[in-house]
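Dear colleague,

Please find the structure below, handed over for your own work.

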Amino acid sequence: MKLQSVSSPKTPKTNSRTPSLSDFDRTLLFSDEILLRILAKLPDSQRDANSLVCKRWLFLQGRLVRSLKVLDWGFIQSGRLTTRFPNLIQVDLLSGSLISTRNSDILLNHKMFSVHIGSHFSPESEAFQTHLLSPEVIDRGLRELANGCPNLGKVALVGATELGLLSLAEECSTLQDLELHKCNDNLLHVISACKNLQILKLVGNLNGFYSSVVSDIGLTFLAQGCRRLVKLELNGCEGSFVGMKAIGQCCQMLEELIICDHRMEAGWLSALPYCENLKTLKFVSCKKIDSSLETDENFGLCPALERLHFHKCQLRDKKTASDLFTLCGAVREIVLQDCWGLENDVFILASICRRVNILSLEGCSLLTTNGLESVILSWKEIVSLKVVGCKNIKDEEISPALSSLFSMLKELKWRPDTKSLLASSVIGANIGKRGGKFFRGF
């Protein structure tokens, strides 16, 4: 036998390259800037899911977050907040400034914050103080926040001192909207450091939680330091004619003023004419407006005022109501919601405001159909009317004159009670044909 040499077949060349991570995750080929642009176009509902993909997506998704409500102050002090969310514009620190009682099922809720409390809690400012972080801790947290998020534009905080507010103002030059709880005169002494502040909410006294004093001294500091204010809310603040006059003279750009549960001295309302560019005036939860409207040689009307709102206020004093409607005689819109003591003889005083074209009544149970008719028939420019939850206003009491007015309105929402039969009671008025809009509330 002859031996034949058999040559072994040539083995094909194989690619010995080790697979890289980009072979499995194509997003690694994108730069952070490109991936951020892609993530930014996804709906907000996918944010949480996107953050769970990997650490890189978690970091990038955090850079897209602009608004945050802090629930744990340790998240700020540890630096984790500023590392994960460096581009924050709006931050709410109210709930995070409170110490919750461990293993407690009692949750104290307020529209501004919430905290778990123990069974020993009592509605006193001293009891609430035990659930509030110390001013030193809050100031350190504000310093950390300001250094890590210099682009902050809106901040809500409680329990800070002058040092904490200064840290915020010095590092966050774009700060325009500030909400100060447990505010006092000393804190307002450094408010001028917030040079670009336009919207400010001051809460001095909050029943059942805390009590601080904002007097004419603080209001004067505020007026001299924040001359660019456009919107101001005073909640539970003290003061008088002097402080409000300073605000009117110095804050000439002020367009909206909100007075909530005030402790003002008698005669403070006389300073409103100094707010020459004021367009909106709101009263919220005020047991009294002003018991004595005093005048001086410069007293007059508020010529630029367009909107006058009352929410959950007591309007029993006829003299105060008369003075206030006289002062606001140029308003175009009046809103009355859940106000106590608003009877016919008080509401009729609003007829002095001849230029009203929008009226909204909600929860005014003492007002009757005759009282409503006597006022709105005197307003020749009214085009919008809303009546909801006013049980003493009856469909069967609608007069032909009032029915004719309804047919000329552009907007009408009529639901004085759940049994309203307006459509059948004014069937011949052609409501909804001559008006631009008609909203049936039944």
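**Aromatic pairs**

One aromatic cluster is formed by Trp268, Phe283, Phe310 and Phe325. The model is a predicted one, in which local features need pLDDT of at least 70 and side-chain atom pairs count only at pLDDT 80 or more, while totals for chains, interfaces and linings use all residues. Residues are numbered from 1 along each chain as its sequence is written, and side-chain values use heavy atoms, with hydrogens and water left out.

The structure holds six aromatic pairs (rings of Phe, Tyr and Trp, the last by its six-membered ring, with centres within 6.5 Å; planes under 30 degrees apart count as stacked, over 60 as edge-to-face and the rest as tilted). In one of them, the ring centres of Phe241 and Tyr274 lie 6.2 Å apart and the planes stand at 75 degrees, so this pair is edge-to-face. The pair links distant parts of the chain, 33 residues apart: Phe241 belongs to helix α11 (residues 241-250), and Tyr274 to the loop between β11 (256-260) and β12 (280-284). Helices (H or I, at least four residues) and strands (E, at least two) are DSSP runs, numbered from the N terminus.

Phe241 has a relative accessibility of 23% and counts as partly exposed, whereas Tyr274, at 14%, counts as buried. Here buried means under 20% relative accessible area, exposed over 50%, and partly exposed in between (1.4 Å probe, protein chains only).

Phe406 and Trp414 form a tilted aromatic pair, with 5.0 Å from centre to centre and 55 degrees between the planes. Phe406 is buried, with a relative accessible area of 2%, and Trp414 is buried at 1%.

**Helix packing**

Two packed helices are described by the angle between their axes and the distance between the axes. The axes are lines fitted to C-alpha atoms, for helices over the stretch in contact, and the angles run from 0 to 180 degrees between N-to-C directions.

Helix α7 (residues 135-148) packs with helix α8 (residues 162-171) at an angle of about 5 degrees, and their axes are 8 Å apart. The two helices α7 and α8 are therefore roughly parallel to each other (angles under 35 degrees; over 145 counts as roughly antiparallel, 65 to 115 as roughly perpendicular and the rest as oblique). On the α7 side, Asp139, Leu142, Arg143, Ala146 and Asn147 meet Leu163, Gly164, Ser167, Leu168 and Glu171 of α8. By class, this contact of α7 with α8 has four nonpolar, three polar and three charged residues (Ala, Val, Leu, Ile, Met, Phe, Trp, Tyr, Cys and Pro count as nonpolar, Asp, Glu, Lys and Arg as charged, and the others, Gly among them, as polar).

Glu171, found in helix α8, counts as partly exposed at 38% relative accessibility. Leaving aside residues up to four places away in sequence, Glu171 touches Ala146, Asn147 and Pro150, where contact means heavy atoms within 4.5 Å. The C-alpha atoms of Glu171 and Ala146 are separated by 5.6 Å, although these residues are 25 residues apart along the chain.

Helix α10 (residues 216-225) and α11 have axes that come within 8 Å and cross at roughly 5 degrees. That makes α10 roughly parallel to α11. Asp216, Leu219, Thr220, Leu222 and Ala223 of α10 meet Val242, Gly243, Met244, Ala246, Ile247 and Cys250 of α11. The contact of α10 with α11 has eight nonpolar, two polar and one charged residues by class.

**Salt bridges**

The structure holds ten salt bridges (a side-chain nitrogen of Lys or Arg within 4 Å of a carboxyl oxygen of Asp or Glu). One of them joins the side chains of Lys201 and Glu179 (3.8 Å, N to O). This pair links distant parts of the chain, with Lys201 in strand β7 (residues 199-203) and Glu179 in strand β6 (residues 177-181), 22 residues apart. Both Lys201 and Glu179 are buried. A network of salt bridges links Glu179, Lys201 and Glu233.

Asp323 forms a salt bridge with Lys319, with the closest N and O atoms 2.9 Å apart. Asp323 and Lys319 are four residues apart in helix α12 (residues 318-327) and so are separated by about one helical turn. Lys319 counts as partly exposed at 48% relative accessibility.

Glu381 forms a salt bridge with Arg332, the closest N and O atoms being 3.2 Å apart. Glu381 counts as partly exposed at 37% relative accessibility, and Arg332 is partly exposed with a relative accessible area of 25%.

With kind regards
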